[in-house]
Amino acid sequence: MLLLVVAALIGVVIIFQAFVRKPESQFKLANIPAGEFDPAVWGKYYPLQYESYRKNLEMSPSPTGFGGSEKVQKSVLEPEILINFKGMAFSKEYTEDRGHPYAIQDLKETKRVTPASPGACMTCKTANLIDIYKSKGWQYAKTPLPELYPLMKHPIVCANCHDPATMNLRVVNPAFVEAMQRRGIDVKKATREEMRSYVCGQCHVEYYFEPESQKVVFPWEKGVLPEQMYAYYQERPAGFDQDWLHPDSQAKMLKAQHPEFETWQNSVHGKSGVSCADCHMPYVRKHGRKYTSHWVTSPMRTTKESCMTCHTQSAEWLLQRVKTIQGNAWQLQKVAGQAVARAHDVIGKAGNVAGVKQAELAKARELLRKAQWFWDIVAAENSMGFHNPDQVLNTLGQSIDMAHQAAATANKAANGAF
Ligand code: HEC
Ligand code: HEC
Ligand code: HEC
Ligand code: HEC
């Protein structure tokens with residue numbers, strides 16, 4: 001009898017393991033101390049994950065021809081960038097992003113950073129944020145960045161995403177935790193599936209620095225659509241009026257930052273519960289062992305593991321589909337960027353016309369601020385439209401319309417001079 005019960009129990013456990021458990025990879029938990037940020041130390045215990053993490057050091061173009069991990073200047077193919085960001089740091093340097101291990105090096109090397117840059121800039125570049133925030137609180141954001149350099153010992157490493165004691169996923173960026181809280185979401189209660197995107201949402205998002213405190217804030221209180229984030233900025237939160245004043249058009253401009261997390265959220269994949277990690281950190285196999293790839297790069301290098309777990313089409317079909325989506329977005333992004341550049345020019349010239357109607361001109365500047373935001377929120381996103389194809393085309397369509405309206409309004413203000 002007892003034997004039968006034991007056999008039944010074992011049977012239940014086997015069935016449970018086979019059907020109920022998620023297909024997780026197996027690993028032996030090591031006891032890594034809380035203050036250990038060196039990925040090589042973590043790597044001694046988790047060699048497969050570490051080895052794949054090291055691949056983030058490789059640099060090569062992406063299979064789609066967009067993105068990629070080489071440091072190319074975006075303004076080579078998009079010269080309108082130099083006009084639209086005139087008067088601010090992104091016109092000095094704006095390179096393609098590359099792998100996580102380069103985050104600190106690229107921060108130090110970019111011409112966008114000066115000795116006067118605030119400490120807030122390091123928020124998304126280093127795991128040492130954890131101890132720096134612990135000792136200084138948000139005060140670190142105001143500290144001059146070069147003063148923090150000696151404390152920034154490691155770039156984006158294991159500790160940014162994992163609790164060393166349990167290896168559970170975790171989020172450590174206080175700006176993310178606070179922004180989610182303001183949306184009524186307690187990240188401590190997140191499911192494992194949600195955490196597979198939240199770890200990336202710590203950094204791959206739109207943000208601004210609050211005036212005075214320099215605190216990092218994500219503008220999500222009204223929602224994460226381009227229109228909703230714009231509406232948030234229109235209320236001039238904590239007196240935040242502009243990122244910079246454009247020297248030609250004299251419009252108060254906003255600079256958008258890499259909103260991958262926001263763009264993905266309302267997409268077909270986001271709404272179907274497909275996480276960032278599903279595509280960018282797929283399960284792979286080595287010597288019969290299944291583990292999570294930590295080579296966080298273009299999923300089109302691993303189409304079989306990244307896409308074909310769900311999709312039945314061939315790898316070639318999927319690549320062509322991605323390229324078509326990106327080609328469509330690229331085409332409209334160029335049109336929008338150029339329409340915006342032209343509006344800067346027309347408004348700038350209208351401003352010099354004697355007897356220009358100032359109220360009308362102010363309206364043109366407001367339209368331009370919004371048109372550029374709608375262009376930039378797509379241009380600054382790193383998937384070239386793939387993360388949410390229909391939303392991206394809608395956003396660019398609106399940008400083009402508003403840019404034309406801005407130029408027409410300026411022309412009217414200048415009594416049809418142009
Ligand atoms: C950008 C975030 C991120 C970073 C950085 C990161 N990981 Fe992970 N890691 C993940 C995700 C996502 C998973 C999948 C977890 C899940 O689904 O429960 C994972 C899973 C794991 C697992 C569980 C076994 C497996 O393969 O699924 C181990 C062990 C691990 N990572 C080790 C490391 C080590 C070691 C480093 C540093 C060299 C590291 N991770 C860096 C996000 C990250
Ligand atoms: C601590 C902040 C942070 C976290 C967490 C983070 N990223 Fe990044 N990510 C960055 C930064 C910064 C860069 C650009 C680094 C550079 O160019 O030097 C980057 C670059 C990338 C790239 C470009 C790589 C290349 O080779 O072109 C991809 C893809 C990426 N991240 C995806 C993800 C995904 C997916 C996650 C979550 C699993 C994630 N990131 C988590 C900050 C972060
Ligand atoms: C359905 C799969 C899928 C999901 C889900 C997904 N991505 Fe992507 N991502 C892609 C593809 C495809 C590209 C384009 C790659 C290319 O052009 O080679 C991309 C590009 C990127 C890039 C630019 C890479 C580069 O080479 O510069 C970043 C960064 C990125 N994704 C981050 C994220 C983040 C963060 C999330 C979650 C909020 C996410 N992705 C969700 C498929 C996905
Ligand atoms: C975890 C499952 C899953 C993964 C992984 C996944 N997808 Fe999807 N994908 C879906 C679902 C669900 C849909 C919605 C349509 C459907 O039900 O077939 C979808 C729709 C699409 C669409 C059409 C919708 C649109 O936004 O244009 C494309 C294209 C696509 N996926 C490409 C990819 C590519 C490329 C990858 C890998 C980088 C990928 N998918 C990874 C589940 C997935």
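## Exercises on two ligand sites

In this predicted model, 26 residues surround ligand 3, and the closest are Ser62, Cys276, Cys279, His280 and His387.

**Exercise 1.** Find out how the residues of the shell around ligand 3 divide by class, and which elements give two or more residues to that shell.

*Solution.* Begin with the classes: ten residues of the shell are nonpolar, 13 are polar and three are charged. Next, look at polar side-chain atoms beside ligand 3. One of His280 lies 2.8 Å from a nitrogen atom of the ligand. For His387, too, a polar side-chain atom is found 2.8 Å from a nitrogen atom of ligand 3. Ser298 places a polar side-chain atom 2.6 Å from an oxygen atom of the ligand. Finally, turn to the elements: helix H12 (260-265) and helix H14 (276-280) are those that give two or more residues to the shell.

**Exercise 2.** Work out which protein donors the iron atom of ligand 2 has, and what geometry its site shows.

*Solution.* The protein donors are His100 and His204, each through NE2, at 2.0 Å from the iron atom. Now check the angles: the six donor atoms give values of 85 to 179°, and the site is octahedral. Then place the pair along the chain. His100 sits in the loop between helix H4 (80-84) and helix H5 (103-109), while His204 belongs to the loop between helix H10 (192-201) and strand E1 (208-209). The two are 104 residues apart, so the pair links distant parts of the chain.

**Exercise 3.** Decide whether His100 and His204 are buried, partly exposed or exposed.

*Solution.* His100 has 23%, so His100 is partly exposed. His204 has 29% relative accessibility and therefore also counts as partly exposed.

Methods:
Residues are numbered from 1 along each chain as its sequence is written. Chains are lettered from A and ligands numbered from 1 in the order in which they are written. This is a predicted model: local features need pLDDT of at least 70, side-chain atom pairs count only at pLDDT 80 or more; totals for chains, interfaces and linings use all residues. Side-chain values use heavy atoms; hydrogens and water are left out. Donors are N, O and S atoms within 2.8 Å of the metal (3.2 Å for Na, K and Ca); water is not among the atoms, so sites may look incomplete. Four donors count as tetrahedral if all angles lie between 85 and 135 degrees; four count as square planar and six as octahedral if opposite donors are over 155 degrees apart and all others between 65 and 115; anything else is irregular. Helices (H or I, at least four residues) and strands (E, at least two) are DSSP runs, numbered from the N terminus. Buried means under 20% relative accessible area, exposed over 50%, partly exposed in between (1.4 Å probe, protein chains only). A residue is near a molecule or strand if one of its heavy atoms lies within 4 Å of it. A polar contact is a pair of N or O atoms within 3.5 Å; within protein, one must be able to donate a hydrogen and the other to accept it, and residues adjacent in sequence count only if both atoms are side-chain atoms. Ala, Val, Leu, Ile, Met, Phe, Trp, Tyr, Cys and Pro count as nonpolar, Asp, Glu, Lys and Arg as charged, and the others, Gly among them, as polar.
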